[in-house]
Amino acid sequence: MKIYRGSKNCFKKFNLERAREHGTREGVGFYCTDNKSIAYRYGSNGYVMTYEFKGKKAISSKKQTVSRKEWAKYILALDKEDEFLSNYGDIHWEGVDSVLNTALDNLLEDMDDDVEILGGICNASGSLSSPIELFCKTLGYDHAIIDADWGNQKIYLVLNSKALKLIETEKVV
């Protein structure tokens, strides 16, 4: 299946640290579309890249589908990298399990879907690339497909560049 990305910049590799530059209305990641005319609008005076979509495991933008157990595994891995749980308590005083449960309760009760939860974790972490890369590596998720409420399109929120194979880059004038 082909999907498209319009951009003012021509690039071959995604840099997740730049994923928030043009907003995160549909989530944190790289936006592609199945509607080529929309990609042309975003790529006006820039580029339209055509990709083969190779996504394997999707998170949801409509509901929570990632299990509490999966989120716990991911958050523990993230805590080893950047002390993520310190946002929710003191693991040395309260214990890892107690703070982990507080984090999970806050994230899962306050947010409606997987994409929103992952965005909340990225916001709390203060970084984009390492939390998303670790999410993909730990749990195997690599994208979300969003039925956009505008433009007669599906938005492909790409979390891992391995979900894409560049086919063509076109200069748009």
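Glu-109, Asp-110, Asp-112 and Glu-116 form a negative surface patch. The model is predicted, so local features need pLDDT of at least 70, side-chain atom pairs count only at pLDDT 80 or more, and totals for chains, interfaces and linings use all residues. Residues are numbered from 1 along each chain as its sequence is written, and side-chain values use heavy atoms, with hydrogens and water left out.

A patch is built from residues with over 30% relative accessible area and no salt bridge; like charges are joined within 9 Å, and nonpolar side chains (Val, Leu, Ile, Met, Phe, Trp, Tyr) within 5 Å. Asp and Glu count as negative, Lys and Arg as positive, and His and the chain ends are not counted. A charge is placed at NZ of Lys, CZ of Arg, CG of Asp or CD of Glu. Accessible areas come from the Shrake-Rupley method with a 1.4 Å probe, and for residues only the protein chains shown count as cover. Asp-110, one of the patch residues, lies in helix H4 (residues 96–110). Helices (H or I, at least four residues) and strands (E, at least two) are DSSP runs, numbered from the N terminus. Asp-110 is exposed, with a relative accessible area of 56%. Exposed means over 50% relative accessible area, buried under 20%, and partly exposed in between (1.4 Å probe, protein chains only).

Helix H4 also holds Asn-106. This residue is partly exposed, at 34% relative accessibility. Asn-106 and Asn-45 are 61 residues apart in sequence; their C-alpha atoms are 43 Å apart in space.

Four salt bridges were found in a search of the whole structure. A salt bridge is a side-chain nitrogen of Lys or Arg within 4 Å of a carboxyl oxygen of Asp or Glu. One of them joins Glu-70 and Lys-57, at 3.9 Å from N to O. Glu-70 is in helix H2, and Lys-57 is in the loop between strand E3 (47–53) and strand E4 (58–59), so the pair ties together parts 13 residues apart in sequence. Lys-57 is partly exposed, at 31%.

Asp-105 and Arg-68 also meet in a salt bridge, at 2.9 Å from N to O. Asp-105 lies in helix H4 and Arg-68 in helix H2, so this pair ties together parts 37 residues apart in sequence. Asp-105 is partly exposed, with a relative accessible area of 29%. Arg-68 is partly exposed too, at 35%.

A further bridge pairs Asp-147 with Lys-62, with the closest N and O atoms 3.0 Å apart. Asp-147 is in strand E5 and Lys-62 in the loop between E4 and H2, so distant parts of the chain, 85 residues apart, are linked. Asp-147 is partly exposed, at 41%, whereas Lys-62 is exposed, at 59%.

The structure holds zero disulfides. A disulfide is a pair of cysteine sulfur atoms within 2.5 Å. For Cys-32, the nearest cysteine sulfur is that of Cys-10, 14 Å away. Cys-32 is buried, with a relative accessible area of 2%. For Cys-136, the nearest cysteine sulfur is that of Cys-122, 9.8 Å away. Cys-136 is buried at 7%.

Most residues other than glycine have a negative phi. Glu-83 is not a glycine, yet its phi is positive, at about 55°. Glu-83 sits in the loop between helix H2 (68–82) and helix H3 (91–94), and is exposed, at 57%. Asn-152, also not a glycine, has a positive phi of about 50°. Asn-152 lies in the loop between strand E5 (143–147) and strand E6 (154–158), and is exposed, at 73%.
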